[in-house]
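Student: Could we go through this structure together? I would like to begin with the overall picture and then turn to single residues.
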Amino acid sequence: MEGGGERAAEAEEYHCHDFEWDDLRAEVEANPAFSYHLSPFPTTVGTPETPPPPPPSEAWTSFHRRHTSGKFFKERRYLLKEFPELLNSKDSAKVLEVGCGNGSTVVPILRSSPSTTVYACDCSKETLEKANEIVCSTKGIEVKDRFHPFLLDASKETFPDWLFCKSCRSPCSSNCNMIEEYPAFLRDSPCCVGGVDFITMIFTLSAIPFDNMLATLERCVSVLKPGGLVLFRDYGLYDMTMLRFLPYQRVGFREYMRSDGTLSYFFTLDTVRELFHASGLLEVTRIVLTVF
């Protein structure tokens, strides 16, 4: 991949691992100011008068409205360094980006190979429109027939059949059913795209209620080709973002809610392994949790 010194330096900034986990854990757990993060979460919180949080689509739409400036958008150039599988993939790889937000993950994937196609979903229509605007206006990337955003809340909804229809998923099936409603780009092959080679979940799973995570992963796995990979990066336990949350913002064990209604969960390696194995993935080759 081509890139000048400035791009390489920026990628390195987001890729560095300059701490020892055991030292960080000892420091946090010895600090009385952080004790509320470690205590068990009570079974009942709040009062009946506490208003319910806004739906995820509204919360994330509000979030991206407040961060519409160009400075907020940062292309995730560390992505290909963390996940070289994207560079080494076969020709015409298909990628599903779950929770694409403003497109910061989509851009480097499209830039990495002219034959890669990205299908990107988000729960917010307004955010999808912004992502489409950013991706299509990025210089040096040909997006025609390679970027397909679609509206979907992966924490609640199943993926559309045009990604991987039930007939094509079954090795015992010889007939493929036609889909009544399918996107325009499937005109020449109106069955489905045949599943995806990669699913990227970059700071997405932590934004989903913990109780919904396993079902979300199972739905993701259902559109993954045999031998495909889920590329996952997310918040780790004792991230500075976690330590900044106040006691009243706790909504579960290691789970917090911002004032705008968006969620953040903070993972341990064991939790990630348990969730991914339970979803049907046979092997976890590398887990990337980020602590800022």
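Student: How much of the chain is buried?
Tutor: Buried residues make up 47% of the 292 residues in the chain. Buried means under 20% relative accessible area, exposed means over 50%, and partly exposed lies in between, with a 1.4 Å probe and protein chains only. Please note that this is a predicted model, in which local features need pLDDT of at least 70 and side-chain atom pairs count only at pLDDT 80 or more, whereas totals for chains, interfaces and linings use all residues. Residues are numbered from 1 along each chain as its sequence is written, and side-chain values use heavy atoms, with hydrogens and water left out.

Student: And how many helices and strands are there?
Tutor: The chain has eleven helices and nine strands. These are DSSP runs numbered from the N terminus: helices are H or I with at least four residues, and strands are E with at least two.

Student: Where is Thr116, and is it buried or exposed?
Tutor: Thr116 lies in the loop between α6 (106-112) and β2 (117-122). Thr116 is buried, with a relative accessible area of 2%.

Student: Which residues is Thr116 in contact with, leaving aside its neighbours within four places in sequence?
Tutor: With those neighbours left aside, Thr116 is in contact with Ala93, Val95, Ile109, Leu110 and Arg146. Contact means heavy atoms within 4.5 Å.

Student: New topic: how many aromatic pairs does the structure hold?
Tutor: It holds eleven aromatic pairs. Rings of Phe, Tyr and Trp (its six-membered ring) pair if their centres lie within 6.5 Å; planes under 30 degrees apart count as stacked, over 60 as edge-to-face and the rest as tilted. In one of the pairs, the ring centres of Phe232 and Phe276 are 5.1 Å apart and the planes are at 65 degrees, so this pair is edge-to-face.

Student: What does that pair tie together?
Tutor: Phe232 belongs to strand β5 (residues 224-235) and Phe276 to helix α11 (residues 269-278), so the pair ties together parts that are 44 residues apart in sequence. Both Phe232 and Phe276 are buried.

Student: How are Phe245 and Tyr256 arranged?
Tutor: Phe245 and Tyr256 form a stacked pair, 4.8 Å centre to centre with 10 degrees between the planes. Both Phe245 and Tyr256 are buried. They also belong to one aromatic cluster with Phe203, Tyr235 and Phe266.

Student: Finally, what lies over the face of Tyr78?
Tutor: Arg233 does, at 4.3 Å from the ring centre. A charge sits over a ring if NZ of Lys or CZ of Arg is within 6 Å of the ring centre and within 35 degrees of the ring normal.
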